[in-house]
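Here is a short report on one protein model.

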Amino acid sequence: MQCAIKDAREQGRKGLVLTCKEKLIKYYAKFSFVDEGVSDKSTHGNAVWHQMRLTF
């Protein structure tokens, strides 16, 4: 994860967005991702996905 964040910064991106299951919200929060709630766009595997955002 640290490598992906570093690469995104070096590429001049404004941040990163990912989706994850509820059990991983705390894990990604350790990297300063913020939970934006349940994603209405991600329906893979009939699972509930949370959208997480890290803004630089």
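## A buried loop serine

Ser-39 sits in the loop between β2 and β3. The model is predicted. Although Ser-39 is in a loop, its relative accessible area is 11%. That is under 20%, so Ser-39 counts as buried.

Which residues does Ser-39 touch, not counting those up to four places away in sequence? They are Thr-19, Trp-49, His-50 and Gln-51.

## The sheet

Three strands make up an open sheet. Their order is β1-β3-β2, and the pairing is antiparallel. The edge strands are β1 (15-20) and β2, each of which pairs on one side only. On average, neighbouring strands of the sheet are turned by 20° against each other, direction ignored.

How many bridges join β1 to β3? There are 6, and the two strands run antiparallel.

## Two salt bridges

Side chains of opposite charge can pair when their charged atoms come close. The structure holds 2 salt bridges.

One of them joins Lys-6 to Glu-10, with the closest N and O atoms 2.8 Å apart. Both residues belong to helix α1 (residues 2-10). They are 4 residues apart, about one turn of the helix. Is Glu-10 buried or exposed? Its relative accessibility is 55%, so Glu-10 counts as exposed. Lys-6 has a relative accessible area of 47% and is partly exposed.

Another salt bridge links the side chains of Arg-53 and Glu-36, at 2.6 Å from N to O. Arg-53 lies in strand β3 (residues 50-55) and Glu-36 in strand β2 (residues 34-38), so this pair ties together parts that are 17 residues apart in sequence. Arg-53 is partly exposed, at 33% relative accessibility. Glu-36 is partly exposed too, with a relative accessible area of 42%.

## Aromatic pairs

The count of aromatic pairs comes to 3. Among them is Tyr-27 with Phe-31, an edge-to-face pair. The centres of these rings are 5.3 Å apart, with 70° between the planes. Tyr-27 is partly exposed, with a relative accessible area of 39%. Phe-31 is partly exposed at 21%.

Why is the pair of Tyr-28 and Phe-33 edge-to-face? The planes stand at 70°, and the cut-off for edge-to-face is over 60 degrees. The ring centres of Tyr-28 and Phe-33 are 6.0 Å apart. Tyr-28 is buried, with a relative accessible area of 15%. Phe-33 is buried as well, at 4%. Ring pairs link Tyr-27, Tyr-28, Phe-31 and Phe-33 into a cluster.

## The nonpolar core

What residues make up the largest nonpolar core? It has 8: Ile-5, Leu-18, Cys-20, Ile-25, Tyr-28, Phe-33, Met-52 and Leu-54. The elements that give two or more residues to this core are β1, α2 (25-29) and β3. Two members of the core, Tyr-28 and Phe-33, also belong to the aromatic cluster.

Ile-5 lies within helix α1 (residues 2-10) and is part of this core. Leaving out residues up to four places away in sequence, Ile-5 touches Leu-16, Phe-31, Phe-33, Leu-54 and Phe-56.

Ser-32 is found in the loop between α2 and β2. With 48% relative accessibility, Ser-32 counts as partly exposed, whereas Ser-39 is buried.

Which residues is Ser-32 in contact with, leaving aside its neighbours within four places in sequence? The contacts are Arg-53 and Leu-54. The C-alpha atoms of Ser-32 and Thr-55 are separated by 8.6 Å, while the two residues are 23 residues apart along the chain.

Conventions
Residues are numbered from 1 along each chain as its sequence is written. This is a predicted model: local features need pLDDT of at least 70, side-chain atom pairs count only at pLDDT 80 or more; totals for chains, interfaces and linings use all residues. Side-chain values use heavy atoms; hydrogens and water are left out. A salt bridge is a side-chain nitrogen of Lys or Arg within 4 Å of a carboxyl oxygen of Asp or Glu. Buried means under 20% relative accessible area, exposed over 50%, partly exposed in between (1.4 Å probe, protein chains only). Contact means heavy atoms within 4.5 Å. Two strands pair if DSSP finds at least two bridges between them. Axes are lines fitted to C-alpha atoms, for helices over the stretch in contact, and angles run from 0 to 180 degrees between N-to-C directions. Rings of Phe, Tyr and Trp (its six-membered ring) pair if their centres lie within 6.5 Å; planes under 30 degrees apart count as stacked, over 60 as edge-to-face and the rest as tilted. A nonpolar core is a set of buried Ala, Val, Leu, Ile, Met, Phe, Trp, Tyr and Cys residues joined through side-chain atoms within 4.5 Å.
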